[in-house]
Amino acid sequence: MAGIEGYSGKDYIVTGKELSGKNVVTLISKAKISFSGTSVKKGSKIKINIVLPSCLEAKTSLDKNASYGKQAAVMQYKSSDAKVAKVSKDGTVKALNKGKTKITVKIKLADGKVKTVKKNITVK
């Protein structure tokens, strides 16, 4: 029995066995998350940059329809200490007070898959 898996606009993969673990590359694993810095002066800002693969489309909720052939992806941001730094819905980190905080970025897909990246930020 062969398994067939594919995404709109991508090649199909035919295997003789079920794929799992490191053998599977998902759309969400191809998403790239980077920070414009990890140290920032009080009152300044840094930006979280997210590059999605072409099959994913950034949306504010998973309930909205994505473009034909794409899947909706929702980005969520959180600071472990909102008194040190806060993160806006567009991924801008604003340094409020001196200290350290951990910024968590989550990309969620409708099928339940989640990619999480955590980065320590120091406010000077």
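K102 belongs to strand β10, which spans residues 99-109; strands are DSSP runs (E) of at least two residues, numbered from the N terminus. The structure is a predicted model, in which local features need pLDDT of at least 70 and side-chain atom pairs count only at pLDDT 80 or more, whereas totals for chains, interfaces and linings use all residues. Residues are numbered from 1 along each chain as its sequence is written, and side-chain values use heavy atoms, with hydrogens and water left out.

K102 counts as partly exposed because its relative accessibility is 36%, the class between buried (under 20% relative accessible area) and exposed (over 50%), computed with a 1.4 Å probe and protein chains only.

Strand β10 pairs with β7 (residues 71-79) through seven bridges, and the two run antiparallel; pairing requires that DSSP finds at least two bridges between the strands. Within this pair, Y77 has V105 of β10 as its bridge partner. Strand β10 is also joined to β11 (residues 114-123), again in antiparallel fashion, by ten bridges. Here I107 stands opposite K115 of β11. The hairpin of β10 and β11 has four residues between the strands, and G112 in this hairpin takes a positive phi near 95°.

Antiparallel pairing also links β3 (residues 32-35) to β5 (residues 45-51), with four bridges. F35 has I48 in β5 as its bridge partner. The bridge partner of K45 in β9 is K94.
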